[in-house]
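Here is a short report to read alongside the sequence and the structure. Let's start with confidence and then look at a few local features.

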Amino acid sequence: MTDGKRKVRLQQWIDTYGKYVLGTALRILQNKQDAEDVFQNTFIKAYTKSVPFKSEEHLKAWLIRVASNESISLLRSGWKAKVDLMELPNKICEDFCEKSEFIHLLNHLPQIYRRAVYLHYFCGFTSDELAQIENVSLFHYPLSSGTRASKA
């Protein structure tokens with residue numbers, strides 16, 4: 001693929017999936033500048049990836065997973081190690097999402113739940129897709145005997 005075609009493809013990815021990548025980074029980092037760095041690093045990795053993506057959904061999941069990993073790596077880095085994550089300000093990028101009671105409550109969730117809620121409600125991923133992105137298995141709880149009896 002020529003360099004010109006790769007640049008056009010990259011711009012299409014940014015236009016289509018950029019809000020999901022930035023949103024994922026913002027949810028984890030709660031800092032606009034750091035989220036923009038993760039956004040840039042994520043799309044650089046996509047641009048330089050030599051293996052083609054299987055589908056658009058595979059690409060979207062891959063980008064969000066990379067953004068999530070990049071964000072977590074940034075939080076774990078020595079640069080961020082001195083920051084108490086529990087005391088991070090509850091700032092939300094105003095040009096990205098509206099302030100609401102839901103967003104306020106979402107920001108008080110532990111990081112893993114915050115990311116799952118964001119990916120499900122804001123990015124539209126199903127629980128099966130979330131499990132694949134997060135590289136975990138779904139838990140299937142058996143129905144209680146009372147529930148089973150009422151369904152019978």
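Confidence in the protein chain is highest in H2, with a mean of 92, and lowest in helix H7 (residues 145-151), with a mean of 47. Please keep in mind that this is a predicted model. For the protein chain, the mean pLDDT is 75, and 71% of its residues reach 70 or more. Two stretches call for a separate look. Residues 83-97 have a pLDDT below 50, and beyond near neighbours in sequence this stretch has 24 contacts in the model. The pLDDT is also below 50 over residues 140-152, a stretch with two contacts beyond near neighbours in sequence.

**How two helices meet**

Now to H1 and helix H3 (residues 56-76). Their axes come within 9 Å and cross at roughly 30°, and the crossing is right-handed. On the H1 side, the contact is made by Trp13, Tyr17, Tyr20, Val21, Thr24, Ala25, Ile28 and Leu29. H3 contributes residues including Glu56, Leu59, Lys60, Leu63, Ile64 and Ala67.

**A salt bridge between helices**

Side chains of opposite charge can pair when their charged atoms come close. How many salt bridges does the model have? The count comes to one. The partners are Lys45 and Glu70, whose closest N and O atoms are 2.5 Å apart; that is inside the 4 Å cut-off for a salt bridge. Lys45 sits in helix H2 and Glu70 in helix H3, so the pair links distant parts of the chain, 25 residues apart.

Are the two partners buried or exposed? Lys45 has 40% relative accessibility and counts as partly exposed, whereas Glu70, at 16%, counts as buried because the cut-off for buried is under 20%.

**A loop residue with positive phi**

Gln30 lies in the loop between helix H1 (3-29) and helix H2 (32-48). Its phi is near 55°, a positive value in a residue other than glycine. Why does Gln30 count as buried? Its relative accessibility is 10%, and buried means under 20%.

| Residue | Relative accessibility | Class |
|---|---|---|
| Gln30 | 10% | buried |
| Glu70 | 16% | buried |
| Lys45 | 40% | partly exposed |

Note on methods
Residues numbered from 1 in each chain as written. Predicted model: local features only at pLDDT ≥ 70, side-chain atom pairs only at ≥ 80, totals over all residues. Heavy atoms only, no water. Helix = DSSP H or I, 4+ residues; strand = E, 2+ residues; numbered from the N terminus. Buried < 20%, exposed > 50% of the residue type's maximum accessible area, 1.4 Å probe, protein only. pLDDT = per-residue confidence, 0-100. Contact = heavy atoms within 4.5 Å. Axes fitted to C-alpha atoms, helices over the stretch in contact; angles between N-to-C directions. Left-handed = near helix turned anticlockwise from the far one by under 90°. Salt bridge = Lys/Arg side-chain N within 4 Å of Asp/Glu carboxyl O.
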